[in-house]
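Welcome, and here is a short briefing to read alongside the sequence and the model. Please take a moment to look at both before going through the points below.

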Amino acid sequence: MAAALFGFSRQNQLADRRLEALRRFAVLYRLRGAELSVAEKQRMLAIGFTDQAVSRFSRHIDRSVRGGSQGLRRIAPTLSAVAMLVAVAALTAWLCAPLDEPLIALMFAGLVVVTLVALLGGSINNIPRQ
């Protein structure tokens, strides 16, 4: 109300130029990598960051893209499939003795594993992102 009456206002602390430039650089570098334009790097230098800081940001983004759970996220479906096959094989082997029919044991084991996966709602492959 005082700002409206007297005409002064406070600067929004969330709208920091350097922070916004860093966010923009991080997003563009994440998307384009080393192909990021020289103009974007020059924008970082113009806003007050040093060459060393820009290089450090780039290395940090490279590490976070390569590392973390990225690799696990790529192989999670394969690991889930292997785990399901192992479960079916183990359950089939366990059921073969009492049922005396390997094909019936395999069908029953497959049905059990598929039902469990459906009940879990596919949560086996849901790996949280960073």
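A search of the whole structure finds two aromatic pairs, where rings of Phe, Tyr and Trp (its six-membered ring) pair if their centres lie within 6.5 Å. This is a predicted model, in which local features need pLDDT of at least 70 and side-chain atom pairs count only at pLDDT 80 or more, while totals for chains, interfaces and linings use all residues. Residues are numbered from 1 along each chain as its sequence is written, and side-chain values use heavy atoms, with hydrogens and water left out.

**The aromatic pairs**

- A pair of aromatic rings is described by the distance of the centres and the angle of the planes.
- F25 and Y29 form a stacked pair (planes under 30 degrees apart), with 5.7 Å from centre to centre and 20° between the planes.
- Because F25 and Y29 are four residues apart in helix α2 (residues 17-32), about one helical turn separates them.
- F25 is buried, with a relative accessible area of 1%, and Y29 is buried too, at 8%; buried means under 20% relative accessible area, exposed over 50% and partly exposed in between, with a 1.4 Å probe and protein chains only.
- R18 lies over the face of F49, at 4.3 Å from the ring centre; a charge sits over a ring if NZ of Lys or CZ of Arg is within 6 Å of the ring centre and within 35 degrees of the ring normal.

**The overall picture**

- The protein has six helices and zero strands; helices (H or I, at least four residues) and strands (E, at least two) are DSSP runs, numbered from the N terminus.
- Read from the N terminus on, the elements run α-α-α-α-α-α.
- Of the 130 residues in the protein, 20% are buried.
- Among contacts (heavy atoms within 4.5 Å) between residues at least 6 apart in sequence, 51% join residues at least 24 apart.
- The protein exposes about 10100 Å², and carbon and sulfur atoms supply 64% of that area; accessible areas come from the Shrake-Rupley method with a 1.4 Å probe, and for residues only the protein chains shown count as cover.

- S58 lies in helix α4 (residues 51-66) and counts as buried because its relative accessibility is 11%.
- Not counting residues up to four places away in sequence, S58 touches F25 and Y29, the two residues of the stacked pair.
- E40 lies in helix α3 (residues 38-47) and counts as buried at 10% relative accessibility.
- Again leaving out residues up to four places away in sequence, E40 touches R24 and L28.
- E40 and Y29 are eleven residues apart in sequence and 9.2 Å apart in space, C-alpha to C-alpha.

- D100 lies in the loop between α5 (70-99) and α6, and has a positive phi of about 60° although it is not a glycine.
- D100 is exposed, with a relative accessible area of 64%.
- Helix α6 (residues 102-120) has 19 residues and reaches 27 Å from its first C-alpha to its last, close to the 27 Å expected at 1.5 Å a residue; the expected span is 1.5 Å times one less than the number of residues.
- A105, A109 and V113 are buried in α6.
- Seen down the axis of α6, the buried residues fall within an arc of 60°, so they line one face of the helix; the arc is that of the directions from the helix axis to the C-beta atoms.
- On the other side of α6, L103, M107, L111, V114, A118 and L119 are exposed.
- M107 counts as exposed because its relative accessibility is 53%.
- M107 and T92 are 15 residues apart in sequence and 8.2 Å apart in space, C-alpha to C-alpha.

Note on methods
Phe/Tyr/Trp six-rings, centres within 6.5 Å; stacked < 30°, edge-to-face > 60°.
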